[in-house]
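Student: I have a model open and want to learn how to read its features. Can you take me through it in short steps?

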Amino acid sequence: MVDSNESLPRWDMSVVYPGIDSPEFEQGLAASVANIDGLAELFDRHGVDRRDAAPLDDATIAAAEAIIKRMNDVLQDFATLGAYIASFTATDSRDDRAQATMSSFQQQTARLQKLETRFTAWVGSLDVDDLIERSEIAANHAFALQQTQRRANHQMSPAEEELATELNLSSGAAWAKLYNNLSSQISVPVDLDGSIIERPMSEVRNLAHDRDRNVRQAGYEAEMAAWERHALPLAAAMNGIKGQVNTLSARRGWVSPLDEACFDNHIDRSTLDAMLSAANESFPDFRRYLRAKAHALGLDALTWYDLFAPLGDNSRNWTWDEAQAFIVRHFHGYSNRLGDFAERAFAERWIDAEPRPGKRDGAFCMSLRADESRILANFKPAFSGVSTLAHELGHGYHNTNRCIVTILQRTTPMALAETASIFCETIVRDAGLREADNVEALAILEGSLQGNCQVVVDITSRFMFERSVFERRDARELSIDELNELMLDAQRQTYGDGLDMDVLHPYMWAAKPHYYSSGRSFYNFPYMFGLLFALGLYAQYQADPERFRDSYDDLLMSTGLADAATLAQRFGIDIQTPDFWRSSLDIIRQDIDRFEGLVMLNIRHEAES
């Protein structure tokens with residue numbers, strides 16, 4: 001756990017408004033509402049809604065240009081306001097003022113979503129190709145308009161879309177809010193050294209990284225008991241959200257929610273199938289890694305609570321200052337632009353790193369305004385904490401590169417949103433390996449393989465679980481026991497003999513917040529896409545650094561301007577066949593080989609001493 005004597009930073013939001021209760025914020029919120037009013041008036045004036053197809057005239061082109069410009073301004077302002085409010089609810093779910101403000105904000109979000117639905121229907125009735133040909137503004141937004149036109153083919157009637165948006169506030173969004181508030185406020189009694197201590201769920205889950213197996217087991221057992229106590233409302237939330245998605249997906253003409261998720265991620269099913277096929281081929285190699293880790297820990301087999309165990313007693317304990325200096329130095333080793341970015345993020349307090357009650361678990365990065373981001377983390381004093389920090393800074397660097405295009409141009413799917421984060425994480429990981437002795441190298445390799453195993457093996461299990469839930473939810477709600485068994489079955493199929501099958505995590509469906517997003521399904525596979533795509537790019541960087549740097553920042557800027565296959569082709573990558581994905585997984589296989597060798601070397605040294 002983090003040393004309580006070390007001061008960890010909290011992010012600075014005062015550069016936007018002095019506080020969520022300040023007059024300046026109230027004025028900003030009122031101005032944003034007025035902007036939405038103005039956008040609605042503009043839509044009404046130009047008849048922006050579904051209509052019969054007709055040839056483009058000059059008036060329609062002029063209207064399209066004015067609407068695109070106005071939407072960019074309104075959406076950007078609204079996104080900043082939303083990030084500002086979220087910075088309070090994510091770090092303290094008990095902040096009643098922030099929660100009330102978020103509730104009011106969601107009402108305005110619904111209004112804006114209705115306008116976006118009208119815009120989608122309107123674009124669907126236009127000759128988009130002709131519009132792009134005749135308007136420079138439309139040409140600059142070509143991909144966004146083409147995607148909007150495709151989505152228009154999956155719209156319900158205007159009245160139904162409006163009703164769905166309004167009802168979401170008291171259905172999907174309400175279930176998501178329940179999950180976030182409940183899970184962030186769970187207080188878990190855990191038995192440590194004979195004393196029962198109440199800890200937030202985020203701290204208890206962090207016990208999985210403790211060197212002491214008894215502590216890890218105590219944390220695991222306390223976590224399971226806590227999820228079991230709170231499973232009823234969480235299962236209701238799961239059923240409510242997945243049921244809503246199934247209903248709307250079918251009414252909008254999607255074959256399944258998975259097909260809609262592929263569209264949202266700018267990929268096709270052949271790409272997804274190629275990646276998952278390569279991933280399944282790699283499971284025996286990941287099981288080799290898990291068995292080698294068990295061997296290193298002196299165990300016959302790993303249990304679930306051993307997955308994140310550090311190896312040995314000599315792995316380095318990283319302070320926050322050491323993590324910061326290491327990241328800055330090695331980001332500069334890639335490019336001064338990346339290093340300068342990291343220095344700025346630390347200096348301007350973009351990061352909230354301190355675990356505390358009421359704060360959301362895990363880590364994320366959100367764009368704030370212009371080229372600024374904010375990063376939430378729950379810092380661990382291990383190389384995994386350094387790696388997570390580098391990962392989230394990578395998201396921030398991606399945001400910085402995208403800030404030169406409009407908000408409609410920069411809408412990046414999750415599959416591509418992980419590109420810069422994994423790339424930056426890999427920079428830090430390789431630097432750590434270069435500077436480490438065998439003991440530390442083993443710990444760093446283990447941390448990297450631990451993360452890769454989560455993204456390839458565990459993500460596949462979560463994907464299988466979610467697909468099964470959607471299929472069964474079509475017929476009826478699922479019980480807690482059924483959700484548990486679906487999760488266990490998925491874990492058995494993916495982890496296989498790499499883990500003790502008697503000690504798995506049946507409540508992973510409760511522990512992962514991504515399942516509870518009312519506006520996004522199948523959050524899982526994009527993380528695998530991001531890992532393997534970024535590893536493939538990193539291999540190209542190593543082969544020709546100068547040439548790669550010249551193209552990479554442009555790729556990050558362009559992630560909302562083309563589909564994934566088109567962007568990959570810039571680097572000679574074909575993502576629609578398994579070969580590329582296998583080549584990225586080969587990089588991980590090499591790490592597994594090295595890991596096995598270091599484990600055996602370490603065991604021999606211990607035996608000799």
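Tutor: Note that this is a predicted model. Start with two strands. β4 and β5 (residues 372-376) pair in the antiparallel sense, over five bridges.

Student: Which residue stands opposite E372 in β5?

Tutor: R369 stands opposite E372.

Student: What is the strand order of the open sheet?

Tutor: The order is β3-β5-β4, three strands with mixed pairing. β3 (351-352) and β4 (364-369) each have a single partner strand, so they stand at the edges and one side of each lacks a neighbour in the sheet.

Student: Which helix lies across β3, β4 and β5?

Tutor: Helix α15 (residues 383-402) does, running at about 30° to β4.

Student: At what angle do α15 and α22 pack?

Tutor: The angle is about 85°, and the axes are 7 Å apart. Angles of 65 to 115 degrees count as roughly perpendicular. α15 is therefore roughly perpendicular to α22. On the α15 side the contact is made by Y397, H398, N401 and R402. On the α22 side it is made by D553, L556 and M557.

Student: How do helix α12 and helix α19 pack?

Tutor: α12 (residues 269-296) and α19 (residues 480-495) pack at about 90°, with axes 9 Å apart. That makes α12 roughly perpendicular to α19. From α12, F283, R287 and L290 take part. They meet Q493, T494 and Y495 in α19.

Student: Now the rings. What describes a pair of aromatic rings?

Tutor: The distance of the centres and the angle of the planes describe it. Centres must lie within 6.5 Å to pair. Planes under 30 degrees apart count as stacked, and over 60 as edge-to-face.

Student: How many aromatic pairs come out by this rule?

Tutor: The count comes to 40 aromatic pairs. Take Y17 and F25. Their planes stand at 85° with the centres 5.5 Å apart, so this pair is edge-to-face.

Student: Is Y17 buried or exposed? And F25, buried or exposed?

Tutor: The cut-off for buried is under 20% relative accessible area. Y17 has 16%, so Y17 is buried. F25 is buried too, at 0%.

Student: What kind of pair do F423 and F548 form?

Tutor: F423 and F548 are stacked, with 10° between the planes and 5.4 Å centre to centre. This pair links distant parts of the chain, 125 residues apart. F423 belongs to helix α17 (residues 419-435). F548 belongs to helix α22 (residues 545-557).

Student: What is the relative accessibility of F423, and what is the relative accessible area of F548?

Tutor: F423 has 1%, so F423 counts as buried. F548 has 3% and is buried.

Student: Where does the charged end of R549 sit?

Tutor: The charged end of R549 sits over the ring of Y334, 5.4 Å from the ring centre.

Student: One last residue. Where is S583 found?

Tutor: S583 is in helix α24 (residues 578-608). Its relative accessible area is 36%, so S583 is partly exposed. Compare sequence and space for S583 and L535. They are 48 residues apart in sequence, yet 9.2 Å apart in space, C-alpha to C-alpha.

Note on methods
Residues numbered from 1 in each chain as written. Predicted model: local features only at pLDDT ≥ 70, side-chain atom pairs only at ≥ 80, totals over all residues. Heavy atoms only, no water. Phe/Tyr/Trp six-rings, centres within 6.5 Å; stacked < 30°, edge-to-face > 60°. Buried < 20%, exposed > 50% of the residue type's maximum accessible area, 1.4 Å probe, protein only. Helix = DSSP H or I, 4+ residues; strand = E, 2+ residues; numbered from the N terminus. Lys NZ or Arg CZ within 6 Å of the ring centre and 35° of its normal. Pairing = 2+ DSSP bridges. Contact = heavy atoms within 4.5 Å. Axes fitted to C-alpha atoms, helices over the stretch in contact; angles between N-to-C directions. Parallel < 35°, antiparallel > 145°, perpendicular 65-115°, else oblique.
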